[in-house]
Amino acid sequence: MPPPRTRGTALRQRLAELRGPDVPAKALDARALAALAANPGCERRAILDGAGVDKATLADALGSPSAFGQSQFALTRGNAFEAKVKADGGAELLRLVHERLDPGAAPPADAALPDLSAIGPEGRTARTALALREATGATGTWTLLDHPMIALDVAGSPAFLEPDAVVVHPDGSWTVVEIKSFPMLDGSADPAKVGAAARQAAVYVLALEAVAARLDPAPRVRHRVLLVCPKDFSNLPTASAVDVRKQRAVTSRQLARLTRIQDIADALPEGTCFSPVLPAERLTAAVESVPATYAPECLAACELAFHCRERSRAAGAVTSLGRSVRAELGGLTTVEDVLAAARGESGDPRDPAVAALRRAARLRADALGTMCH
C-alpha cells in the first residue's frame with residue numbers, strides 16, 4: 001500500500017485530469033461546503049467541487065446557465081463594507097466582539113494583528129495555526145486574525161477556507177466573525193440570509209475545532225459567532241451574536257456521510273473530463289456519468305441546478321418534487337410508478353405509500369363524480 005503522501009499526490013493528479021488540462025482549480029469555500037453538506041448524497045457535486053471545477057462555467061457550456069451567485073455590485077459593496085469594519089486595526093470590529101460576546105473581559109485596546117502572509121494555501125494554513133497558538137498563549141490580550149486560512153478534511157480531500165476574521169479573546173477562546181452586506185433593520189435581518197450565514201460560519205467553527213484539537217490544552221472554539229452587518233439603511237456596522245451549534249452538528253454529520261472523493265473518482269470511466277472546452281456531447285456524457293441527487297433546494301445553492309432539474313424531470317424522478325414528497329413515497333422513485341400505484345396497476349397494497357395513493361385516488365374520483373352530478 002502506498003504511503004499517504006503518495007496516495008494524496010495521486011488523487012490531486014486525478015482531480016487535475018478531471019478538471020482538464022491547464023484549467024485552474026476553483027477553491028472550495030465555506031459557502032460551497034455548506035451547500036454540499038445540505039445534499040450529501042449528490043456525488044456529482046462532491047466530485048466537481050473536489051476537483052475544483054467551476055460549476056458556473058460548466059453550466060454555461062452545458063446550455064443551462066446558472067442564475068446562482070452574487071452580482072458584481074453586491075461583491076463590491078460587500079468588500080467596501082468589510083474594509084470599513086476592519087479600519088483602524090479592526091478597532092470597531094473588536095469593540096463589537098467585546099460588546100456582544102465578551103463584555104466581562106478587558107476592553108480590546110492595543111490588540112495584536114499578526115501577519116498571516118505566506119506562500120500558497122498550505123503555507124497560509126500553517127502560518128494561521130502558528131498565529132492561533134501564539135495568540136492563545138498570550139493570556140490577557142486580544143488578537144485579530146484578518147482573513148486567516150484554515151483547512152478542513154472533506155471526503156478525504158483538504159478544503160482551504162478563509163473566514164472574514166477570527167478573534168482570540170483574552171481567555172484564549174476563539175470566535176468566528178462573519179461580515180455581510182445585507183442590513184439589520186431594527187436589530188434583525190432577513191432570517192434566510194442569517195441562516196445561510198450561520199451555516200457558513202458553522203463550517204469555519206468545525207475547521208477551527210480541528211486546529212484547536214492539535215493544541216494542548218485545546219482552546220475553546222465558541223459556538224456563538226459574530227454576524228456583522230450594516231445598521232438599518234446606513235453603512236454603519238452593527239452586530240448580532242448567532243448560536244451555530246445546531247448548524248455545526250448538522251454540517252458535521254452530513255460531511256461525515258459524504259462518499260470519499262477518491263472512491264467517486266475511481267468509479268468514473270477512463271478519460272472522463274469536465275473541461276468546458278470539450279464538445280457539448282462529450283461534456284454532457286461526462287457529467288451524466290456521475291450520479292446526482294437533485295431537489296428543488298438545489299436551485300438556491302448549486303450552479304448546475306437547472307441542468308440537473310431538467311434531467312430529473314425527464315427521468316420522472318419524484319425528487320424533483322421535493323425531498324419531503326420523496327420521503328413520503330418510500331420505494332416509489334418515479335412519477336410513473338406513483339401514478340401506476342394510484343391506479344391500482346402496480347404496487348403492493350400493503351405498502352403504506354401505495355395504500356395512501358389509492359385512497360387519495362378514490363377520494364379524488366368521488367369528488368369529481370359528485371361535482372359532475
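Colleague: Which residues in α2 meet α9?
Modeller: Leu-33, Ala-37 and Ala-38 in α2 meet Thr-251, Gln-254 and Leu-255 in α9. Contact here means heavy atoms within 4.5 Å. Before we go on, this is a predicted model, where local features need pLDDT of at least 70 and side-chain atom pairs count only at pLDDT 80 or more, while totals for chains, interfaces and linings use all residues. Residues are numbered from 1 along each chain as its sequence is written, and side-chain values use heavy atoms, with hydrogens and water left out.

Colleague: At what angle do the axes of α2 and α9 cross?
Modeller: Roughly 70°, and the axes come within 8 Å. That makes α2 roughly perpendicular to α9. The cut-offs are under 35 degrees for roughly parallel, over 145 for roughly antiparallel, 65 to 115 for roughly perpendicular, and oblique for the rest. Axes are lines fitted to C-alpha atoms, for helices over the stretch in contact, and angles run from 0 to 180 degrees between N-to-C directions.

Colleague: And how do α2 and α3 cross?
Modeller: Helix α2 (residues 30-38) and helix α3 (residues 43-50) have axes that come within 10 Å and cross at roughly 160°. They are therefore roughly antiparallel to each other. In that contact, Ala-32, Ala-35 and Leu-36 of α2 meet Arg-45, Ala-46 and Asp-49 of α3. Those residues split into four nonpolar, no polar and two charged.

Colleague: Zooming out, how many helices and strands does the protein chain have?
Modeller: It has 15 helices and seven strands. Helices (H or I, at least four residues) and strands (E, at least two) are DSSP runs, numbered from the N terminus. Of the chain's 373 residues, 43% count as buried. Buried means under 20% relative accessible area, exposed over 50%, and partly exposed in between, with a 1.4 Å probe and protein chains only.

Colleague: Which residues touch the most other members of the largest nonpolar core?
Modeller: Leu-33, Ile-47, Leu-152, Val-154, Leu-161, Trp-174 and Phe-274, out of 74 residues. A nonpolar core is a set of buried Ala, Val, Leu, Ile, Met, Phe, Trp, Tyr and Cys residues joined through side-chain atoms within 4.5 Å. Helix α8 (residues 191-212) gives this core its largest share, twelve residues. There's also a second, separate core of 18 residues, with Leu-93, Ile-179, Val-228 and Ala-239 among them.

Colleague: What does Phe-274 touch?
Modeller: Its contacts include Leu-18, Arg-19, Leu-48 and Val-290, leaving out residues up to four places away in sequence.

Colleague: New topic: is Thr-128 buried or exposed?
Modeller: Thr-128 is buried, with a relative accessible area of 1%. You'll find Thr-128 in helix α7 (residues 120-137). Leaving out residues up to four places away in sequence, Thr-128 touches Leu-116, Leu-145, Pro-148, Met-149 and Ile-150.

Colleague: Last one: how far apart are Ala-305 and Ala-59?
Modeller: They are 246 residues apart in sequence and 8.7 Å apart in space, C-alpha to C-alpha. Ala-305 sits in helix α12 (residues 305-314), and at 3% relative accessibility Ala-305 counts as buried.

Notes:
Nonpolar A, V, L, I, M, F, W, Y, C, P; charged D, E, K, R; others polar.
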